[in-house]
Amino acid sequence: MSQTLDPTVDPSTAAVGDARDAGVSVRNLWKIFGPRADKVLGTPDAELSRKELKAKTGCVVGVKDVSFDVAPGEVFVVMGLSGSGKSTLVRCLTRLIEPTSGTVLIDGRDVTAASESELRDLRRNHASMVFQHFGLLPHRQVIDNVAYGLEIRGVPKRERRAKAAEVVDLVGLTGYEKSYPDQLSGGMQQRVGLARALAGDPSLLLFDEPFSALDPLIRRDMQNEVIRLHHELGKTMVFITHDLQEALKLGDRILIMRDGEVVQIGTPDEVVGAPADDYVKDFTSEVPRSHVLTLKWVMRDPRPGDSTEGPVMPCDTVVRKAAQAALASEHPVRVVDDAGNVIGIVDDDAILRVVVAEEESH
Ligand SMILES: Nc1ncnc2c1ncn2[C@@H]1O[C@H](COP(=O)(O)OP(=O)(O)OP(=O)(O)O)[C@@H](O)[C@H]1O
């Protein structure tokens, strides 16, 4: 998909000035719920575990010192178990929940310093949210649900209907413009929610577990829909899920949260190939590695006597995709970087080790 940021740069130490080019930039974000929450920060209590802090002060840490950047056009997934702080984090981005401290920039604009009217402008025109519960207006037809945000903005009827028709078409709902929400299946209602979010042409889409309540097959369709829309529109997306498969499928990078904190930020292959700790390892243990790991993870250094006749493949080729051609060739695969330089060699047994280990774990 899009270009990812350099994972070796620790976002918590990168200068905020660098963040102006990011689609979203978050620095040292905290949200503490409870009485006198703002008194906790800057004291040793802030270092307590979530459980200890709750016992001592009655406050709950929703988000704890979180920093990250999302590149323009990137799909950034926030993943974690229930209660890990995902919803709080994404709501802090547009201040639907007021952060206790920290900064958030969206398209270079400082959200944390924005006035009420600037916030309204941000939510209407720049950052749209898609929720699990669609929040559709039951007495309005699809077309008017989709156009609702434009209506609030004061866009004339003819213009907003034309724009709504365009996005209804984009999400595959042509023919249902005059239907009412309760005449649609869950998946179709979610498409209306998507269309509504897209109607204002925001640069950023925020998804809060939008597909969790859908049947698995419909859910897969909707994930594919998001991928297709991303290819077509290239918008920056922050997508929350507790489902690792969904995270791996959609994310250019994944942020894994636990108890309000960041445990790891990485590309899907980094999260599966080099989990930051046992928590991430547990999460990823069921993942079919050949579907996620790229040749970069299984190649060895080139040696002088290596055959130069094997197939050439880019280092970001997923092992499963490489397997057939690799195993069919008598010569090992030559792995190349973007410039076409051979940076590694993949022998058959390296491929088989991944594939066989996967078979054994199932
Ligand atoms: N308004 C609130 N007041 C007090 N505590 C809250 C509030 N909202 C959330 N919390 C707490 O903050 C923590 C993070 O909650 P959050 O809803 O962000 O997690 P989540 O990862 O999105 O979970 P889920 O997947 O279940 O929605 C939880 O411990 C939750 O109980």
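Trainee: Two strands pair if DSSP finds at least two bridges between them. With that settled, which residue stands opposite V335 in strand 13?

Mentor: G344 stands opposite V335. Strands here are DSSP runs of E with at least two residues, helices are runs of H or I with at least four, and both are numbered from the N terminus. This is a predicted model, in which local features need pLDDT of at least 70, side-chain atom pairs count only at pLDDT 80 or more, and totals for chains, interfaces and linings use all residues. Residue numbers start from 1 along each chain as its sequence is written.

Trainee: Okay. In which sense do strand 12 and strand 13 pair, and over how many bridges?

Mentor: Strand 12 and strand 13 (residues 342-346) pair in the antiparallel sense, over four bridges. V336 has V342 in strand 13 as its bridge partner.

Trainee: How many residues lie between them in the hairpin?

Mentor: Five residues separate strand 12 from strand 13 in the hairpin. In the turn, G340 has a positive phi of about 90°.

Trainee: And strand 11 with strand 12, parallel or antiparallel?

Mentor: Strand 11 (residues 312-314) pairs with strand 12 (residues 333-336) in the parallel sense, over three bridges. V312 has R334 in strand 12 as its bridge partner.

Trainee: What's the strand order in that sheet?

Mentor: The order is 11-12-13, an open sheet of three strands with mixed pairing. Strand 11 and strand 13 are at the edges with a single partner strand each, so one side of each has no neighbour in the sheet. From one strand to the next the twist averages 35°; angles run from 0 to 180 degrees between N-to-C directions, and axes are lines fitted to C-alpha atoms, for helices over the stretch in contact.

Trainee: Over how many bridges does strand 5 pair with strand 4?

Mentor: Strand 4 (residues 101-106) and strand 5 pair over two bridges, antiparallel. L105 has D110 in strand 5 as its bridge partner.

Trainee: Switching to helices. At what angle do helix 7 and helix 8 pack?

Mentor: Helix 7 (residues 186-199) and helix 8 (residues 216-233) pack at about 25°, with axes 10 Å apart. They are therefore roughly parallel to each other. The labels are roughly parallel under 35 degrees, roughly antiparallel over 145, roughly perpendicular from 65 to 115, and oblique for the rest.

Trainee: Which residues meet?

Mentor: From helix 7, G186, G187 and Q190 meet I218, D221 and M222 of helix 8. That contact has two nonpolar, three polar and one charged residues. Nonpolar means Ala, Val, Leu, Ile, Met, Phe, Trp, Tyr, Cys and Pro, charged means Asp, Glu, Lys and Arg, and the others, Gly among them, are polar.

Trainee: And helix 6 with helix 7, at what angle do the axes cross?

Mentor: The axes of helix 6 (residues 157-170) and helix 7 cross at roughly 135° and come within 9 Å. Helix 6 and helix 7 are therefore oblique to each other. K163, A164, V167, V168 and L170 of helix 6 meet A195, L198 and A199 of helix 7. By class, that contact has seven nonpolar residues, no polar and one charged.

Notes: Contact = placed C-beta atoms within 7 Å.
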